[in-house]
Amino acid sequence: MTSNKVRKLIESGEGIKIEFKSNRDVLSDDLYETICAFLNTGGGEILFGVEDDGWICGINPDSIDQIEGELITVLNNHTKVEPSLSIDIRQIEIDGKKVLACLCASEFDCS
């Protein structure tokens, strides 16, 4: 995923397949609800470091690796997330700010 694609996603706004999370230092508790919703609707993209209104607040550079690691750990924990899902997480820099772009889709998507 490129910074141009992330910009276009942000410009299109939140919807059924895209969610913004303003997390700067830690993962939010409502992340699990978003993931569950995506698993039930064929997948979607979560952009961390973006406010609901599309403003890019960025993730704290000292926290981005930890947030990414925790995200991977949670999404790969089959006791917490079921059914299994396929994920692709990328660190993207936009206007000097770091954003985590996470594409998640159910491995059992039949569409």
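The model is predicted, so local features need pLDDT of at least 70 and side-chain atom pairs count only at pLDDT 80 or more, while totals for chains, interfaces and linings use all residues. Residues are numbered from 1 along each chain as its sequence is written, and side-chain values use heavy atoms, with hydrogens and water left out.

The structure holds 5 salt bridges, a salt bridge being a side-chain nitrogen of Lys or Arg within 4 Å of a carboxyl oxygen of Asp or Glu. In one of them Glu45 pairs with Lys5, with the closest N and O atoms 3.7 Å apart. Glu45 lies in strand 2 (residues 44-48) and Lys5 in helix 1 (residues 3-12), so this pair ties together parts that are 40 residues apart in sequence. Helices (H or I, at least four residues) and strands (E, at least two) are DSSP runs, numbered from the N terminus. Glu45 is buried at 10% relative accessible area, whereas Lys5 is partly exposed at 40%; buried means under 20%, exposed over 50%, and partly exposed in between (1.4 Å probe, protein chains only).

Arg7 and Asp95 form a salt bridge at 2.9 Å, N to O. Arg7 belongs to helix 1 and Asp95 to the loop between strand 3 and strand 4, so the pair ties together parts 88 residues apart in sequence. Asp95 is exposed, at 60%, and has a positive phi of about 50° although it is not a glycine.

Ala101, in strand 4 (residues 97-106), is buried at 1% relative accessibility. Beyond its neighbours within four places in sequence, Ala101 has contacts that include Val6, Ile46 and Asp88, contact meaning heavy atoms within 4.5 Å. Asp88 in turn forms a salt bridge with Arg90 (3.0 Å, N to O).
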